[in-house]
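Here's a quick briefing to read with the structure open. It goes through the sheet, the helices and then the charged pairs.

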Amino acid sequence: MAKKTKRILLASHGSHGARAAERLALSHCERGTRLHHLIVVPEFWKGMMGDDWLNNISTREVFKDYMESTLEAEVRREIKRLERSARKRGIRYDFEMAFGKPADCLLARLKRGGVDLVVLGSLRSKGRTGYRSRMLTDEVLRALKIPLLIAPAPR
């Protein structure tokens, strides 16, 4: 008999592919399952300072604060949305936010253990706008010691 999945790691950030991964993860959760939501803010946001027009430190700081608060608000919306869905199903939900290269953040989380299954979205389809996350790398695949589910790209 197959071992019951009690702890699922979902890497999601609200894109179409990530939402497909959320639906897949939720479909594998029974009441009492723990869904751990890993949200990675990619490191490229550090480079969004637009130095060509932010010509003094005061303006840079105002813009940096604006960017950080905008990103934080987006992440909080994603957390609340997924937490509501999990709670309705009797799923224990928690989250973790990381900043950096998506694959590196996933590897760091996997090293800490405590997960039975990893659920990720597939690569963004060509022609779709948005960030093309590089979470599913050869290095991640080699490091995995637990099952991985990849949600098919939504149409």
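Buried here means under 20% relative accessible area, exposed means over 50%, and partly exposed is in between (1.4 Å probe, protein chains only). Helices (H or I, at least four residues) and strands (E, at least two) are DSSP runs, numbered from the N terminus. With that in hand, look at strand S4 (residues 117-121), where 5 of its 5 residues are buried.

This is a predicted model, so local features need pLDDT of at least 70 and side-chain atom pairs count only at pLDDT 80 or more, while totals for chains, interfaces and linings use all residues. Residues are numbered from 1 along each chain as its sequence is written, and side-chain values use heavy atoms, with hydrogens and water left out.

**The sheet**

- Five strands make up an open sheet in the order S3-S2-S1-S4-S5, with parallel pairing (two strands pair if DSSP finds at least two bridges between them).
- S3 and S5 are at the edges with a single partner strand each, so one side of each has no neighbour in the sheet.
- On average, neighbouring strands are turned by 20° against each other, direction ignored; axes are lines fitted to C-alpha atoms, for helices over the stretch in contact, and angles run from 0 to 180 degrees between N-to-C directions.
- S4 is covered on both faces: Leu117, Val119 and Gly121 are buried on one side, and Val118 and Leu120 on the other.
- Strand S1 (residues 7-11) pairs with S4 in the parallel sense over 3 bridges, and Ile8 stands opposite Leu117.
- S4 also runs parallel to strand S5 (residues 148-151), joined by 4 bridges, with Gly121 opposite Ala151.
- Strand S2 (residues 34-42) and S3 are parallel too, over 9 bridges; Leu35 stands opposite Tyr93 there.

**Helices across the sheet**

- Helix H1 (residues 16-27) lies across S1, S2, S4 and S5, at about 150° to S4.
- Helix H3 (residues 102-111) lies across S1, S2, S3 and S4, at about 145° to S2.

- Glu96 is in strand S3 (residues 92-100), and with a relative accessible area of 17% it is buried.
- Its side chain makes a polar contact of 2.8 Å with that of His36 (a pair of N or O atoms within 3.5 Å; within protein, one must be able to donate a hydrogen and the other to accept it, and residues adjacent in sequence count only if both atoms are side-chain atoms).
- Leaving out residues up to four places away in sequence, Glu96 touches His36, His37, Leu38, Ile39, Arg109 and Arg112, where contact means heavy atoms within 4.5 Å.

**Salt bridges**

- The structure holds 8 salt bridges, each a side-chain nitrogen of Lys or Arg within 4 Å of a carboxyl oxygen of Asp or Glu.
- Arg7 pairs with Asp116, with the closest N and O atoms 2.7 Å apart.
- Arg7 is in strand S1 and Asp116 in the loop between H3 and S4, so this pair ties together parts 109 residues apart in sequence.
- Arg7 is partly exposed at 31% relative accessibility, whereas Asp116 is buried at 11%.
- Arg19, Glu22, Glu78 and Arg81 are linked in a network of salt bridges.
- Arg81 and Glu22 meet at 2.7 Å, N to O, and Glu22 is buried at 3% relative accessibility.
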